[in-house]
Amino acid sequence: MPVLHSLRRAAVVLLLAAATLYAAPARPAAADEPGWTAEPATGAASTAVRPYFYLAGAPGTVLEDRLALANTTDRERTITLRGADAYNTADGAFAVRPATPGAGAAAAAGAGSWISFGTATTVKVPPRTRAVVPFTLTVPPASPPGDHPAAVIATEGGHEVGVRVHLRVGGPTLAALTVEDVAVRGRGAAAVIAYTLVNRGNVALTPEARIRAEALVGEPADPPRGRTPPVELLPGQRVELTEPWPGAPAFDRVRVTLTVTAPGGARAVATGTRWLVPWGLAGWTGGGLLGLGATTAAALYLVRGRRPEPGPAPVSGGPSAAGPTPPAPHHELTGAAR
């Protein structure tokens, strides 16, 4: 009998759980989920996933590839396609130029304008369907050698998905960079080392920074290496970066040497110096100097105010014993009328 009672209770619990699951509403899709994806299409004989497009060719060639659009929702999607130039933001992130309607092909200067989808710039993708869209990239005959960063942009309903395009035009390549504006900012645990990297070559770089610190009095700990500056520094781009330095001295003159290297033989070195003085000490020192200056000025003013003025010549007794006063000397100016 107890066993039958336990079985009945278990059955009731299962029925209640099933009713709860049945009555629970389905989770709505998040507002930032577009319901579709864009990525490089895989070949017929390959299942490898490509994270980006990699194209290479000589000036004047036409390169081809394919973009895969997958609609994972139950309604049709209308997706607009375009090419875009790529660049680094001020902090080193990868970004693409916005669309410029009406600017025309002549206004575009980068590899994004070399990408064409033909007449398929707008694609309708049925529900639960994957569409493959071919495109071409035409390298102009006068294109300089090296890397030309770009991206394929898919847009629908205000949501954009970008797929990077790594394009290398044949010819001599040069890996070169410079480090500029090395400086120490902040104090104490909030101190950072700021610097600017500039890609002077024609290929994308993945730099690595090494920092060494020297002090006038003490021996400060070197700043941690931190992250590898930007993931990718594109040709001709300038980025402003910082590295934390929680071990910066509180009161010393520091000299920071930054050495940056990148594959391909690129190397650059730059230094920066600064006095690190605590705010309290700086304020006390400045106030003391101002007080000392004010005291000195007041003392000089009092000394000058108490100095006796010369009195009139004595007249008692008549002429001086030394005899009559000699006549004043006569000065003659050259060229003066006589």
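**Entry 1: an aromatic cluster**

I looked up Phe-117 and Phe-135 and found that both are buried (buried means under 20% relative accessible area, exposed over 50%, partly exposed in between, with a 1.4 Å probe and protein chains only). The model is a predicted one, in which local features need pLDDT of at least 70, side-chain atom pairs count only at pLDDT 80 or more, and totals for chains, interfaces and linings use all residues. Residues are numbered from 1 along each chain as its sequence is written, and side-chain values use heavy atoms, with hydrogens and water left out.

Next I looked for aromatic pairs (rings of Phe, Tyr and Trp, the last by its six-membered ring, pair if their centres lie within 6.5 Å; planes under 30 degrees apart count as stacked, over 60 as edge-to-face and the rest as tilted). I noted two aromatic pairs by this rule. The ring centres of Phe-53 and Phe-135 are 5.1 Å apart with the planes at 85°, so I wrote this pair down as edge-to-face. It links distant parts of the chain: Phe-53 is in strand S2 (residues 53-57) and Phe-135 in strand S8 (residues 129-138), 82 residues apart. For strands and helices I used DSSP runs, numbered from the N terminus (helices are H or I, at least four residues; strands are E, at least two).

I then checked accessibility. Phe-53 has a relative accessible area of 0% and is therefore buried. Phe-135 has 2%, so Phe-135 counts as buried too. The rings of Phe-117 and Phe-135 have their centres 5.4 Å apart and their planes at 45°, so that pair is tilted. Phe-117 sits in the loop between strand S6 (115-116) and strand S7 (122-125), 18 residues apart from Phe-135 in strand S8. I recorded Phe-53, Phe-117 and Phe-135 as one aromatic cluster.

**Entry 2: charges over rings**

I searched for charges over rings (NZ of Lys or CZ of Arg within 6 Å of the ring centre and within 35 degrees of the ring normal). Arg-97 lies over the face of Tyr-87, 3.9 Å from the ring centre. The charged end of Arg-164 sits over the ring of Phe-94, at 3.8 Å from its centre.

**Entry 3: two arginines**

Is Arg-77 buried or exposed? I found a relative accessible area of 7%, so Arg-77 is buried. Arg-77 lies in strand S4 (residues 77-88). I listed its polar contact (a pair of N or O atoms within 3.5 Å; within protein, one must be able to donate a hydrogen and the other to accept it, and residues adjacent in sequence count only if both atoms are side-chain atoms) with the side chain of Glu-156, made by the side chain of Arg-77 at 3.4 Å. A polar atom of the Arg-77 side chain also lies 3.2 Å from the backbone oxygen of Pro-34.

I turned to Arg-130, which lies in strand S8. Its relative accessibility is 45%, so Arg-130 counts as partly exposed. Not counting residues up to four places away in sequence, Arg-130 touches Ala-41, Thr-42, Ala-68, Leu-69 and Ala-70 (contact means heavy atoms within 4.5 Å).

**Entry 4: a sheet**

I traced an open sheet of three strands, in the order S14-S16-S17 with antiparallel pairing (two strands pair if DSSP finds at least two bridges between them). Strand S14 (208-215) and strand S17 (266-276) are the edge strands, each pairing on one side only. S14 is joined to strand S16 (residues 252-262) by eight bridges. I noted Arg-212 opposite Thr-257 in S16.
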